[in-house]
Amino acid sequence: MLCAVVGIQITSLGDFMTLDQAIGEFDHALRTISASAHSTRPIPGSDLPDIGLDQAQKVHVVGLMRVNHCGEICAQALYQGQALTSRDPGVKEALRSAADEETEHLAWTERRIAELGGRKSFLNPVWYIGSLTMGLLAGALGDKWNLGFLAETERQVEAHLDSHLTSLPVEDLRSRAIVEQMRLDEIQHAEMAIQHGAAALPVVIKGVMKTVASVMTKVAYRV
Ligand SMILES: [Fe+2]
Ligand SMILES: [Fe+2]
């Protein structure tokens, strides 16, 4: 229905992938939601001292890192959806490569939550399905809009991480190192999208994206 409204032509799953690929993508989704992610790069800040935080600080930092972990679950789903419906092989490859870095962000935030004795969001499967749907739609709109959506997402994530750097305790060096490296990576992802021909999104779409992200961050901080 929505596809018809926005003029997207998707007749079947077979338009985009074989059955083997579909099984692989489903497996990827299940592993993202349920298994621990791995990082090929060293975890930022892992060589820094883990200075003891008081209980209130721990609860706050876990909340922030749970939001970031949840954001990385969404990033995985978005990139997966966008790569599946993107038409240009070069764009698909760039999306896959950026997704690999998002997997590392997933591993880093997950590790930090565990170090602080916290838990991940119960709603991760819901976030994943919602983000995958958005990614599939963005990809089907065509590469310039797909990349525009990606660039705007990454810019908003950068602003969000800036706010976390303000909110995180100054003595929490390990969390801060993770967020700082993630911020640098997200800036590169936005630049990658612009280099591949991202279109500027209408202001109203940017506003809707901010509203959705705001709801997600408020819920994931607690649930
Ligand atoms: Fe990320
Ligand atoms: Fe990113």
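Student: Which residues lie nearest the centre of the largest pocket?
Tutor: On a 1 Å grid over the protein atoms alone, a pocket is an open set of points with protein on both sides within 12 Å along at least five of seven lines, and lining residues have an atom within 4 Å of a point. Keep in mind that this is a predicted model, where local features need pLDDT of at least 70 and side-chain atom pairs count only at pLDDT 80 or more, while totals for chains, interfaces and linings use all residues; side-chain values use heavy atoms, leaving out hydrogens and water. The lining of the largest pocket has 33 residues, and those nearest its centre are Cys74, Thr153, Val157, Ala213 and Met216.

Student: Which helix gives the largest share of that pocket's lining?
Tutor: Helices here are DSSP runs (H or I, at least four residues), numbered from the N terminus. Those giving two or more residues to the lining of the largest pocket are H3 (55-85), H5 (124-140), H6, H7 and H8 (203-222). The largest share, nine residues, comes from H3.

Student: How many residues of that lining are nonpolar?
Tutor: Ala, Val, Leu, Ile, Met, Phe, Trp, Tyr, Cys and Pro count as nonpolar, Asp, Glu, Lys and Arg as charged, and the others, Gly among them, as polar. For the largest pocket, that gives five charged residues, ten polar ones, and a nonpolar count of 18.

Student: How far apart are the two iron ions?
Tutor: Start with numbering: residues run from 1 along each chain as its sequence is written, and chains are lettered from A and ligands numbered from 1 in the order in which they are written. Glutamate 102 coordinates both the iron ion (ligand 1) and the iron ion (ligand 2). The distance between these two ions is 3.9 Å.

Student: Which helices hold glutamate 154 and glutamate 186?
Tutor: Both glutamates are buried, meaning under 20% relative accessible area, with over 50% called exposed and partly exposed in between (1.4 Å probe, protein chains only). They lie 32 residues apart and link distant parts of the chain, in H6 (143-167) and H7 (173-195).

Student: Is glutamine 156 buried or exposed?
Tutor: Glutamine 156 sits in helix H6. Leaving aside residues up to four places away in sequence, it touches Lys206, Met209 and Lys210, where contact means heavy atoms within 4.5 Å. Because its relative accessible area is 14%, glutamine 156 is classed as buried.

Student: Which residue's side chain joins that of glutamine 156 at 2.8 Å?
Tutor: A polar contact is a pair of N or O atoms within 3.5 Å; within protein, one must be able to donate a hydrogen and the other to accept it, and residues adjacent in sequence count only if both atoms are side-chain atoms. The side chain of glutamine 156 reaches the backbone nitrogen of lysine 210 at 3.5 Å. The side-chain partner at 2.8 Å is glutamate 152.

How values were computed. Donors are N, O and S atoms within 2.8 Å of the metal (3.2 Å for Na, K and Ca); water is not among the atoms, so sites may look incomplete. On a 1 Å grid over the protein atoms alone, a cavity is a set of points where a 1.4 Å probe fits but cannot get out, and a pocket is an open set with protein on both sides within 12 Å along at least five of seven lines; lining residues have an atom within 4 Å of a point.
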